[in-house]
Amino acid sequence: MRFSSCFGQYPLAGGYDVTKAIEILRAEMPNFHGSDDEPKNWKSQWEILDFLQQRLKPDVRSLETGCGYSTVVAAESGADHVTVTPSADEQVRVRSFCNKYDIDHANVTFAIGPSCEMLPKLDGELHLVYIDGAHGFPHPCVDWMYTEARLAIGGTMLVDDIRIPSCRMLHEFLMEEPNWTLDRFIGDTSIFTKLAHGNNSADWMHQGINRTYPDFRYLPKAQQWKRDARHAAEWVARATGLTKPIKRVLGIK
Ligand SMILES: C[S@@+](CC[C@H](N)C(=O)[O-])C[C@H]1O[C@@H](n2cnc3c(N)ncnc32)[C@H](O)[C@@H]1O
């Protein structure tokens with residue numbers, strides 16, 4: 001079964017619902033992140049929490065890298081949810097918060113450790129993946145790599161913080177891949193639907209992101225133009241069969 005038909009049972013509400021969890025989070029603004037000495041709040045955008053609240057339901061299997069407000073929303077939803085974070089303290093804080101406000105969190109499993117170590121140990125089909133863990137390169141891409149094949153066709157992939165170049169690299173890659181379609185942006189989070197399973201054995205030249213090959217932008221401008229012109233001339237030579245004279249003019253052996 002394609003997952004989109006499963007979502008069909010849960011049409012999105014016209015507006016944003018306010019749930020108990022979101023209401024409490026808004027009122028309490030808990031600090032789930034940082035240390036006890038230096039607590040921090042790196043919460044998701046409220047609109048993302050609303051989106052998750054609409055999409056996560058008891059028969060949805062979901063995974064997020066990173067932990068916090070989104071985890072509380074996942075707990076309340078009843079979704080079969082996995083949270084990957086290296087911080088055991090975050091798990092304690094989120095579970096305590098849920099206990100305090102009578103939010104059942106038995107449906108949330110924590111995988112404690114960096115996502116690059118934990119994700120390869122996990123399996124099972126997913127319907128929604130929220131990438132919001134480590135933001136430095138290559139972590140968002142690594143998080144995607146270990147979850148994309150598990151995501152059902154029709155499933156949802158959220159890439160957070162795409163104003164950060166190391167996160168936007170993943171966004172830009174997905175924008176060029178035919179088996180992903182961008183549904184929408186919510187602030188600086190891009191939300192993609194998976195249209196088909198990817199072909200991981202396909203070589204680099206089949207990836208949309210490499211369509212600009214050969215790409216000489218790493219060279220100084222003058223050399224760039226020279227290489228572009230030479231490449232164009234070589235292409236014309238091959239296309240017209242005039243390889244030898246054109247190569248002679250260009251001084252290519
Ligand atoms: C921006 S916060 C996530 C915010 C959360 N989605 C929320 O709504 O509150 C980033 C999270 O990534 C976690 N993190 C940092 N390094 C990580 C890693 N290597 N793998 C997984 N998570 C990581 C942090 O502990 C933190 O929970």
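Predicted model: local features only at pLDDT ≥ 70, side-chain atom pairs only at ≥ 80, totals over all residues.
Now look at single contacts. Take Ser44 to begin with. An N or O atom in the side chain of Ser44 is 2.6 Å from an oxygen atom of the ligand. Cys67 uses its backbone instead of a side chain: a backbone N or O atom of Cys67 is 3.1 Å from an oxygen atom of the ligand. Asp132 faces a nitrogen atom of the ligand. That nitrogen atom is 2.8 Å from an N or O atom in the side chain of Asp132. How much of the ligand does the protein bury? Taken alone, the ligand exposes 600 Å². The protein buries 88% of that area. Where does the ligand sit? Its place is the second largest pocket.

Stay with strand β4 for a moment. Val84 lies in this strand. Is Val84 buried or exposed? Val84 is buried, because its relative accessibility is 3% and the cut-off for buried is under 20%. Along the sequence, Val84 and Asp132 are 48 residues apart. In space, their C-alpha atoms are 9.8 Å apart.

Next comes helix α3, which spans residues 46-55. This helix is mostly covered. Nine of its ten residues are buried. Among them are Trp46, Ile48, Leu49, Phe51 and Leu52. The buried residues of α3 also include Asp50, Gln53, Gln54 and Arg55. An α-helix has 3.6 residues a turn, so residues three or four places apart point the same way.

Gly155 belongs to strand β7, residues 151-159. Gly155 is buried, because its relative accessibility is 0%. Which distance separates Gly155 from Leu128? From C-alpha to C-alpha, Gly155 and Leu128 are 5.6 Å apart in space. In sequence, these two residues are 27 residues apart. Val108 is in strand β5. Val108 has a relative accessible area of 5%, so Val108 counts as buried. Val108 and Arg95 are 13 residues apart along the chain. Their C-alpha atoms are separated by 9.4 Å.

Now turn to the loops. The bond from Phe137 to Pro138 is cis, with omega near 5°. Pro138 is in the loop between β6, residues 126-131, and α7, residues 139-145. The bond from Tyr213 to Pro214 is cis too, with omega near -5°. Where is Pro214? Pro214 is in the loop between β9, residues 189-194, and α9, residues 221-240.

Arg217 is also found in the loop between β9 and α9. Is Arg217 buried or exposed? Arg217 is exposed, because its relative accessibility is 61% and the cut-off for exposed is over 50%. Arg217 and Arg227 are ten residues apart along the chain. Their C-alpha atoms are separated by 10.0 Å.

Two other loop residues have a positive phi. Met29 has a phi of about 45°, although Met29 is not a glycine. Met29 lies in the loop between α2, residues 20-28, and β1, residues 33-34. Met29 counts as partly exposed, because its relative accessible area is 39%. Asp102 has a positive phi of about 60°, and Asp102 is not a glycine. The loop that holds Asp102 runs between α5, residues 88-100, and β5, residues 108-112. At 65% relative accessibility, Asp102 counts as exposed.

Key: Residues numbered from 1 in each chain as written. Heavy atoms only, no water. Polar contact = N/O pair within 3.5 Å; in protein donor to acceptor, adjacent residues only side chain to side chain. Areas by Shrake-Rupley, 256 points an atom, 1.4 Å probe, with all protein chains shown as cover. 1 Å grid on protein atoms, 1.4 Å probe; cavity = no way out; pocket = protein on both sides within 12 Å on 5 of 7 lines; lining within 4 Å. Sits in = over half its atoms within 2 Å of the grid points. Buried < 20%, exposed > 50% of the residue type's maximum accessible area, 1.4 Å probe, protein only. Helix = DSSP H or I, 4+ residues; strand = E, 2+ residues; numbered from the N terminus.
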